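Hi,

Here is the structure I promised to pass on to you. Please have a look at it first, and then read my notes below.

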Amino acid sequence: MAWKRSSVMQIFRFLLLVILFLPHEMMSSVLTVNGKAENYILDTQRGSQESLKCAVQNHTREEELLWYREQGRVDLKSGNKINSSSVCVSSISEDDHGVSFTCKLRRDQTVSISVVLNVTFPPLLSGNELQTVEEGSNVRLVCNVKSNPQAQMMWHRNGSILNLEKNYQIQQTSESLQLSITKVKKSDNGTYSCVAKSLETETKDFHLIVKDKAATVPKEPIIAACVVIFLTLCFGLIARRKRIMKLCIKKDDSQGETAL
């Protein structure tokens with residue numbers, strides 16, 4: 001009986017320990033944003049507004065919350081910090097695409113949850129709209145693009161799809177569409193249009209003006225003429241120096257005879 005009574009007491013103590021530690025182990029604080037308990041991507045659009053609400057679940061005391069935009073701390077009002085906290089992202093632009101917002105517990109910042117913005121927007125095009133080059137030189141037209149989702153891009157010329165000539169080369173990346181033209185001809189003169197298709201179709205015109213090649217003066221004859229002139233001057237100075245020296249000698253001789 002004593003052995004049974006001892007076993008019952010051990011089991012009772014074990015259960016008591018389990019009950020005492022249950023709130024700490026099984027009911028530790030958890031953060032949610034807009035009801036989600038894991039990091040997630042929030043789909044949104046340019047020009048819209050999004051509200052992010054962070055809340056503490058299973059807390060046994062008052063918990064202060066912190067918000068971060070990327071690595072920068074977000075300023076919160078005093079009444080927007082305890083147990084739940086909201087931030088409003090207004091006038092969302094293409095620059096907000098991929099930006100993360102993170103909510104953390106102040107006392108233990110390893111407890112956190114993040115939201116990444118996925119901002120969709122139509123193509124935004126930019127680049128040098130006017131280029132003037134000499135015939136026979138090389139030129140490159142660069143159409144910069146920002147778009148989400150990524151745009152399909154192509155070059156048009158004078159309103160039609162560009163026919164690739166032997167001296168044309170096209171390169172495309174996620175951020176630009178480039179057209180390189182080597183040894184430009186007068187027939188390459190015209191308007192080249194960068195066309196990007198995604199949520200919408202956007203077009204940007206690039207004007208290429210090919211001017212006549214400037215007449216170049218041959219360098220070799222000029223250099224030869226300069227050398228001839230230089231040598232002529234040198235010989236002239238040497239000849240005059242000899243004449244001056246002879247005159248000086250004669251003058252010295254005449255003065256010596258007079259003295260005698």
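Over which ring does the charged end of K104 sit? That ring belongs to Y68, and the charged end of K104 is 4.8 Å from its centre. The charged end of K36 likewise sits over a ring, that of Y40, at 5.3 Å from the centre. (A charge sits over a ring if NZ of Lys or CZ of Arg is within 6 Å of the ring centre and within 35 degrees of the ring normal.)

Some ground rules before the rest. This is a predicted model, in which local features need pLDDT of at least 70 and side-chain atom pairs count only at pLDDT 80 or more, while totals for chains, interfaces and linings use all residues. Residues are numbered from 1 along each chain as its sequence is written, and side-chain values use heavy atoms, with hydrogens and water left out.

Now to the sheet. Five strands form an open sheet with mixed pairing, in the order β9-β16-β15-β11-β12. (Strands are DSSP runs of E, at least two residues, numbered from the N terminus; two of them pair if DSSP finds at least two bridges between them.) β9 (130-134) and β12 (160-161) stand at the edges with a single partner strand each, so one side of each is left without a neighbour in the sheet. Strand β11 (residues 152-157) runs antiparallel to β12, and 2 bridges join them; R157 has S160 in β12 as its bridge partner.

V133 is in strand β9 and counts as buried at 11% relative accessibility (buried means under 20% relative accessible area, with a 1.4 Å probe and protein chains only). Its C-alpha atom is 5.2 Å from that of V210, 77 residues apart along the chain. Beyond four places in sequence, V133 touches V139, V184, L208, I209, V210 and K211 (contact means heavy atoms within 4.5 Å).

There is 1 aromatic pair (ring centres within 6.5 Å, using the six-membered ring for Trp; planes over 60 degrees apart count as edge-to-face). W155 and F206 form this edge-to-face pair, 5.6 Å centre to centre with 70° between the planes. W155 lies in β11 and F206 in β16 (residues 201-211), so the pair ties together parts that are 51 residues apart in sequence. W155 is buried at 3% relative accessibility, and F206 is buried at 0%.

Finally, T102 lies in strand β7 (residues 100-105) and is buried, with a relative accessible area of 10%. The side chain of T102 makes a polar contact with the side chain of S114 at 2.7 Å (a pair of N or O atoms within 3.5 Å, one able to donate a hydrogen and the other to accept it; residues adjacent in sequence count only if both atoms are side-chain atoms).

Best wishes

How values were computed: Helix = DSSP H or I, 4+ residues; strand = E, 2+ residues; numbered from the N terminus. Phe/Tyr/Trp six-rings, centres within 6.5 Å; stacked < 30°, edge-to-face > 60°. Buried < 20%, exposed > 50% of the residue type's maximum accessible area, 1.4 Å probe, protein only.
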